[in-house]
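User: Please take me through this structure by asking what stands behind each description. I would like each term set against its cut-offs.

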Amino acid sequence: MTTALSVSKIAKQLGKKFPEAVIESGADSLLLKAESLLAVAEYLNTAPDLAFDYLNHVTATDYYDYFEVVYYLVSMKHNHGLVLKVRCYDRENPTLPSVVSLWRGADFQEREIYDLLGISFEGHPNLRRIVLWEGFEGHPLRKEFL
Amino acid sequence: MAMQMLPPGWPGNFWAHWAIFAVIILVFVLLSVMAFIWFERRAMAIMQSRLGPNRVGPFGLFQPVADSLKVLIKEDIVPSRADKLVHWLAPVVAFVPAMMVFAVVPFRGGALLADLNVGVLYVVAISSVTTLGVFMAGWASNNKYSLLGAMRQIASVVSYEIPVVLSLVGVIMLAGSLSLQQIVQAQDIPFILVQPLGFLLFFIGALAEINRAPFDLMEADSEIVAGFNIEYSGMKFGLFFLAEYAEALVVAAIVTTLFLGGWRGPLLPDWLWFLVKVGAVFFVIVWIRTTVPRVRIDQLMALAWKFLFPLALINLLVTAVEILVWPDVSLWLLVPVNFAVMIVLVLLWSKLFKLGWGRVNV
Amino acid sequence: MTTKEITIQTEPFVVNIGPVHPSTHGVFRMRTTLDGEVVVNMEPVFGYLHRGIEKLAEERTYGGCVPLTDRLDYLASMSNNMAYCLAVEKLAGIPVPERAEYIRVIMAELQRIASHLIAVGSFLNDCGAFMTPIVYMIREREKILDLFDMVCGQRLTYNYMRVGGVSQDIPEEFIPALKKFLKEMPGWINEYDRLLKQNEILLARSKGVGVLTKDLAINISASGPLLRGSGVEWDIRRADPYSIYDRFKFDIPTGTAGDCYDRYRVKVEEMRQSLRILEQALEGLPAGEVRSEVPHLVRPPAGEAYGHIEAPRGDLGFYLVSDGSIAPYRFHVRAPTLINLTALNDMMRGWKVADLIIIFGSIDICLAEVDR
């Protein structure tokens, strides 16, 4: 059974290494600051007792005030999971650091988020539209699109 | 020599004989090709547990007629920058040699167009002209991919000529003559039993030369290069299509004549035996097509050079030694010896050679 | 006397394979850079089948999204339905009756066999075996489709499962037909193995071709037979059991080398394991109702949930966000085939054009799920 790790424990562990990174630890997810995403992700990936080597998926939602990007992390060795969330308050030109350098599986998924929601990912090697054609105007999954 | 070929009962002189036989060969080739198209589609379908064409005429017998009509009335498109004369000539050069081979194939006791005493050489030489037609097609289409396909074809045909010809030399040595008529008459026991390895090599090599499965890379629809006949439509494409089946017919006829005893056989009339044997060989060709996946180009070349060629040389050596050492022994004694040799060699070679090792950079 | 070196200048050229091509399973374009016959670089271009399902779902009720999920991976519709219903039930806390759970498992495993038959058949078709294997496998698949026809009247997009169970009970003639199928199918799979497993040409074409190493497979979030072919024993039915899979005994076949041949073997062995699960499920099928009392317009409480299953093509998940209304606020599909395509370039580099098609066929994607 993929146990969902206790979020408060992880928050405490992270708080020691990365003060200021954790904004809040909800019931089942950890909300991080956008700037510290890459550092925390790298720690989660490499720390031996956590060992989150498998990024299950990346997705994003448009809540009218902010965009929320959700990362589902899984560790195959320990068979436990964790949910990370990052919020982006800029609606004109939202940007976030990309985690492709840690988990290549984020490649197409981040491109899709860019395509459908307009969130740019810094450090992504090939940030182009993926399911819509080049030259398409707008980002369909945004709530104001249709 | 011209008068000798005329069997006693045939009317007229040399030119009448020539005219009658030319017509017979033309009709035979075209009808057989149509029959083969039908037979292949039905046989393949039944092996794949489905029905095959069964609408056009009883048992779908007129399906090839429908196909030919369709091909005849299609528009003939020539690419604007193609080499017009070569483009027009290529299908002709590809199809005609397949018919010309039948000039020397004996249909019944003593009945053929020309009993050349270099019959086998003539067959091998003329059937290579088809490749020229393929290359002309690939070149004249002014298309990068058809040229690539044609080059592949030439590389494979050239590679496979050698083991094919070498495997025929064993038969020639046993019969003592290059003339096809003499070879049939020397087969008191069919040479397939006396030269099993030779038959195997010839069959595999011939399949590769005529681009039938498992060697049908050129017409593989799962690759970008759809073959040298990308730019062909209408009757020119029809001629290529017919040429493919005519070549299969040629291979079947040659195998029948050289290895299965031609028109010889008890009970049934000669020409019927010939047709039955040709049909049986063609059935095996279709059977192989239905069953086996396709090889890749570098594996194809590796098979020719590393597997067939050495085995052909060894077969030649063994046959020559046998004829030299036991010149008067009955051929029946050679049968188990040759079978043993074949089994040992094939097992040995397949241990040493695996298709997957043929990773040549083409 | 000096020797002059004559070099023939060659340059790589870019070729489009697809989007209309008999061997790309769907509308998929590969921009390949070729150096002679060898592939130097490959860039996948897709999106030709994008229908905006995620946006469409935001305007439909929770129950009305089930037909949308059918059209995601149309070769495995039952699994899509199941994953979605699982996610909604997690979100809204709806229990599912026992009989419905067993029926769902039976349908999901039958669907797995049907999907793998097509996957293996078209892989062999790409190898050049000219239709014979795929026709045999389609013949077996017809029997499964007849079973599905009996249950819900549909052969491809079933729309059979509902939030809280399944839409209707299985008819009487289903169980004898299923028993007959279970008796015959192992013989058919054995026949395929007899004809194909040790075929020299198949081995030559697919062994060692398109290798995906274990580390790369985990890094690209691969799932399904692609991941298991590379030697990682990760199956959602075992790692994160859903429904009643923890009651069944089955093995998880894995490959060793991560090449095309291993992926093909994994799929065939998974078919055998599915038959095992089917027998156990059929034995334990209880009586009872098939759908719990769920209002027609489900209003889950505000929140989010992620439900995932082991679909035939990988780890299919649905991420749902609810704001308390009758339609999902956010409907995201974790498409396994999209994520599996990440490593395509790495797997194809250095191989020849003929291998390209085989490697692509062995990954077994369905474009409708990639593009959504």
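**Confidence and conventions**

Analyst: Chain A averages a pLDDT of 83, and 97% of the residues score at least 70, where pLDDT is the predictor's confidence in each residue, from 0 to 100. This is a predicted model, in which local features need pLDDT of at least 70 and side-chain atom pairs count only at pLDDT 80 or more, while totals for chains, interfaces and linings use all residues. Residues are numbered from 1 along each chain as its sequence is written, and chains are lettered from A and ligands numbered from 1 in the order in which they are written.

User: Which elements of chain A have the lowest and the highest mean pLDDT, and what is the mean for chain C?

Analyst: In chain A, strand β1 (residues 3–4) has the lowest mean, 70, and helix α3 (residues 106–117) the highest, 89. The mean for chain C is 87, with 96% of its residues at 70 or more. For the complex, the predictor gives an ipTM of 0.89 and a pTM of 0.85.

User: What makes up the secondary structure of chain B?

Analyst: Chain B has 12 helices and zero strands, counting as helices DSSP runs of H or I with at least four residues and as strands runs of E with at least two, numbered from the N terminus.

User: Why is Val278(B) called buried?

Analyst: A residue is buried if 20 or more other C-beta atoms, placed from the backbone, lie within 10 Å of its own, exposed if 12 or fewer do, and partly exposed in between. Val278(B) has 22 other C-beta atoms within 10 Å, and therefore counts as buried. Val278(B) belongs to helix α10 (residues 270–291) of chain B, and, across the 362 residues of that chain, 45% count as buried.

User: Which residues does Val278(B) contact beyond its neighbours within four places in sequence?

Analyst: They are Ala252(B), Ala253(B) and Thr256(B), a contact being two C-beta atoms, placed from the backbone, within 7 Å. Val251(B) lies 27 residues from Val278(B) in sequence, with 8.9 Å between their C-alpha atoms. For chain B, among contacts between residues at least 6 apart in sequence, 80% join residues at least 24 apart.

User: Why are α4(B) and α5(B) described as roughly antiparallel?

Analyst: The axes of α4 (residues 119–140) and α5 (residues 144–175) of chain B come within 9 Å and cross at roughly 175 degrees. Angles over 145 degrees count as roughly antiparallel, under 35 as roughly parallel, 65 to 115 as roughly perpendicular and the rest as oblique, so α4(B) is roughly antiparallel to α5(B). By class, their contact has 13 nonpolar, six polar and one charged residues.

User: How do you know that the span of α4(C) is close to the expected one?

Analyst: The expected span is 1.5 Å times one less than the number of residues. Helix α4 (residues 98–127) of chain C has 30 residues and reaches 44 Å from its first C-alpha to its last, close to the 44 Å expected. Of these 30 residues, 26 are buried, and the helix is followed by Gly128(C), whose phi is positive, near 105 degrees.

User: Which chains touch, and where do the most contacts fall?

Analyst: Two pairs of chains touch, and the most contacts are between chains B and C. Chain A and chain B do not touch, their nearest C-alpha atoms being 24 Å apart.

Conventions. Axes fitted to C-alpha atoms, helices over the stretch in contact; angles between N-to-C directions. Nonpolar A, V, L, I, M, F, W, Y, C, P; charged D, E, K, R; others polar.
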